[in-house]
Amino acid sequence: MTKIKVFVTRRIPQPGLAILQQDCDVQFWDSDEAIPQEELLKKVQGVGALLCMLTDKIDDEVLEKAGENLRIVSTMSVGYEHIDLEACKRRGIAVTNTPNVSTDSVSELTVSLLLLVARRLYEGIRAVHGGEWGKWKPMWLCGVELTNKTVGILGLGRIGYGVAKRLKPFGIDRIIYHDVCRVSYADDIGASYVDFPTLLSDSDIICICCNLTPQTKHKFNTKAFEKMKNSAVLVNSGRGGVIQHDDLYEALRTNTIAAAGLDVTEPEPLPKDHPLLTLNNCIVLPHMGSNTWESRNSMSEIAATNIISVLNGTNAVGEVIPSRNIYGL
């Protein structure tokens, strides 16, 4: 029996490849860099399944080039905004993602970034390497402690909950959150629901852990920053577009808020000449939330398993659009 052709748009961890290679004819773009769109259009021709990344544009043109054999687009990511869902639905192509795999890694990263910013650790590292470390000074590179602070979380989903749970042992005085609605599990960590203005005004630390929606787009802007404490620290590990970056630059430059740490930006990557990168009170990471071997191995394994499941007519872990056309391996 002829093996079904699968194209993988990037090098991925071995657990995923091993699953696919048992039953499929697997080809992949042999690079850590994103496949150029013109190459993707060539490589997808005649494939039965496509395993893609968040950086790949899976639009109507790609689906047309793939042809009628294509039955599933499996993205190795939680987000799927890079995929034209309507075009897939019209063609009866299943779309799957890899939900719930990076909760721990992103939660840990968020807390790490918060500590990095609050305690001014990156400035300290640069001072050592730059030869600025002299005799002890009582007011040099003083940051803030988390003890007795109020932490506000925008989006108390899996990651927001994970962040709150990890911060409690630091002696946090109060955890408040804002979301589309109250959630019952907030009681497990003693978190209180508040409206957005209260989140802004009462929080010493705000962690953005929400998705990007029309309601959250640029939710943090000049008006929002003006309602925050001058001593507030803002950390974003959700989506870059939740913050208006020009407004954030002005808020940090004028000390409207104290500091910010960003693992996500708008755009990505952030241009190296962006004004935010000139500020000592802003730390920007290159979207490292899921950068652990545990998380990436799991993502590749789930993305591959989703392909096999759909082709076999069984339920996938993350079904964005259920399959209607089944091969049967």
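How many bridges join strand β1 to β2, and do the two run parallel or antiparallel? Five bridges link β1 (residues 4-8) with β2, and the two strands run parallel. Strands and helices here are DSSP runs, E of at least two residues for strands and H or I of at least four for helices, numbered from the N terminus; two strands count as paired if DSSP finds at least two bridges between them. Within this pair, K5 stands opposite D25 of β2.

Before going on, a word on what you are looking at. This is a predicted model, in which local features need pLDDT of at least 70 and side-chain atom pairs count only at pLDDT 80 or more, while totals for chains, interfaces and linings use all residues. Residues are numbered from 1 along each chain as its sequence is written, and side-chain values use heavy atoms, with hydrogens and water left out.

Let's follow β1 and β2 into their sheet. Six strands form an open sheet with mixed pairing, in the order β2-β1-β3-β4-β5-β13. Because β2 (24-28) and β13 (319-321) each have a single partner strand, they stand at the edges and one side of each lacks a neighbour in the sheet. On average, neighbouring strands of this sheet are turned by 20 degrees against each other, direction ignored.

Two helices lie across these strands. Helix α11 (residues 293-312) lies across β1, β2, β3, β4 (72-75) and β5 (94-96), at about 160 degrees to β4. For these angles, axes are lines fitted to C-alpha atoms, for helices over the stretch in contact, and angles run from 0 to 180 degrees between N-to-C directions; contact means heavy atoms within 4.5 Å.

Now to another pair of strands. Four bridges join β9 to β10, which run parallel, and I205 stands opposite V233 in β10. In a regular strand, side chains alternate between the two faces of the sheet. Both faces of β10 are covered: V233 and V235 on one side are buried, and so are L234 and N236 on the other. Buried means under 20% relative accessible area, exposed over 50% and partly exposed in between, with a 1.4 Å probe and protein chains only.

Next comes the nonpolar core, a set of buried Ala, Val, Leu, Ile, Met, Phe, Trp, Tyr and Cys residues joined through side-chain atoms within 4.5 Å. The largest has 30 residues, of which L114, I153, L156 and L167 touch the most other members. Elements giving it two or more residues include α5 (103-118), β6 (150-154), α7 (158-167), β9 (205-208) and β10 (233-236). Helix α5 gives the most, with seven residues. Leaving out residues up to four places away in sequence, the contacts of I153 include A164, I175, Y177 and C207.

Helix α5 also holds V106, which is buried at 8% relative accessible area. Beyond its neighbours within four places in sequence, V106 is in contact with I159, S237, G289 and S290.

Finally, the cysteines. There are zero disulfides, a disulfide being a pair of cysteine sulfur atoms within 2.5 Å. The sulfur of C52 is too far for a bond, because the closest cysteine sulfur, in C88, is 8.9 Å away. C52 is buried, with 0% relative accessible area, whereas C142 is partly exposed at 46%.
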